[in-house]
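Please read these notes with the model open beside you. They go point by point, and each point stays with one part of the chain.

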Amino acid sequence: WWVQDIIHGRWDVRETSVRILRAAQQLKPKAIGIEKGSLKNALIPYMQDQMLRLNTFPNIVEVTHGGKKKIDRIVWALQGRLEHGRIQFRDGPYLEALRDQMADFPNPLAHDDLLDSLAYIDQIGQAIYNEDIIIDDSYGDPIDDVSGY
């Protein structure tokens, strides 16, 4: 993974929706993950209004904790990737906050929101291998419906 930036802070729901969509306009991600539940329910109406206003319609994917504890989910998604250098970070002001959260993890009294959001990328960061495949239909209809030949 290549982490260009982590935009973080405390905003109301309207400001959050605007910041997400402005980032989507600038970075053009394949998908934006929003946690299923009350956060999504609160955010989506504002995002729909802002999408119409900004004429930006990103692919929004619902992510979920899947019944796993937060610590287990973060460790499973990030530990191996970080140990093997599979996550690269661009220098930026977010790195200090991320390093602080990594150093404090898994203290239940410390903030781990940046790590949690990074771990959720595992659910939407799936490689697309068949995007440029051209299907050759010149052979006509299959003779056998079961086998496809």
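1. Start at Q50. Beyond its neighbours within four places in sequence, Q50 is in contact with R14, S17, V18, L21 and N55; contact means heavy atoms within 4.5 Å. Q50 sits in helix α2. Helices here are DSSP runs of H or I with at least four residues, strands are runs of E with at least two, and both are numbered from the N terminus. Q50 is buried, because its relative accessible area is 8%. Buried means under 20% relative accessible area, exposed means over 50%, and partly exposed lies in between (1.4 Å probe, protein chains only).

2. A word on the source. This is a predicted model, in which local features need pLDDT of at least 70 and side-chain atom pairs count only at pLDDT 80 or more, while totals for chains, interfaces and linings use all residues. Residues are numbered from 1 along each chain as its sequence is written, and side-chain values use heavy atoms, with hydrogens and water left out.

3. Now the whole chain. It has five helices and four strands. Read from the N terminus, their order is β-α-β-α-β-α-β-α-α. The chain has 149 residues, and 26% of them are buried. Among contacts with a separation of 6 or more, 71% join residues 24 or more positions apart. The chain exposes about 11200 Å², and carbon and sulfur atoms supply 52% of that area. Accessible areas come from the Shrake-Rupley method with a 1.4 Å probe; for residues, only the protein chains shown count as cover.

4. Which residues of α1 are buried? They are T16, S17, V18, L21, A23 and A24. The buried residues of α1 pack against β2 (32-35) and α2 (38-54). An α-helix has 3.6 residues a turn, so residues three or four places apart point the same way. Helix α1 covers residues 13-27, and its 15 residues should span 21 Å at 1.5 Å a residue. The expected span is 1.5 Å times one less than the number of residues. The end C-alpha atoms of α1 are 21 Å apart, which agrees.

5. K28 follows α1 and lies in the loop between α1 and β2. Its phi is near 50°, a positive value in a residue other than glycine. K28 counts as exposed, because its relative accessibility is 65%. N55 is in the loop between α2 and β3 (60-63). N55 is not a glycine either, yet its phi is positive, about 55°. With 61% relative accessibility, N55 counts as exposed.

6. Turn to strand β2, where G33 lies. Is G33 buried, exposed or partly exposed? G33 is partly exposed, because its relative accessible area is 36%. Leaving aside neighbours within four places in sequence, G33 is in contact with V61, V63 and I124. The C-alpha atoms of G33 and V63 are separated by 5.8 Å, and the two residues are 30 apart along the chain.

7. Last, the pair α4 and α5. Helix α4 spans residues 94-104 and helix α5 spans residues 113-124; their axes come within 8 Å and cross at roughly 95°. That makes α4 roughly perpendicular to α5. Axes are lines fitted to C-alpha atoms, for helices over the stretch in contact, and angles run from 0 to 180 degrees between N-to-C directions. Angles under 35 degrees count as roughly parallel, over 145 as roughly antiparallel, 65 to 115 as roughly perpendicular, and the rest as oblique.

8. Which residues of α4 and α5 meet? Y94, A97, L98, Q101 and M102 in α4 meet D113, L114 and L115 in α5. By class, this contact has six nonpolar, one polar and one charged residues. Ala, Val, Leu, Ile, Met, Phe, Trp, Tyr, Cys and Pro count as nonpolar, Asp, Glu, Lys and Arg as charged, and the others, Gly among them, as polar. P106 is in the loop between α4 and α5. A cis peptide bond joins F105 and P106, with omega about 10°.
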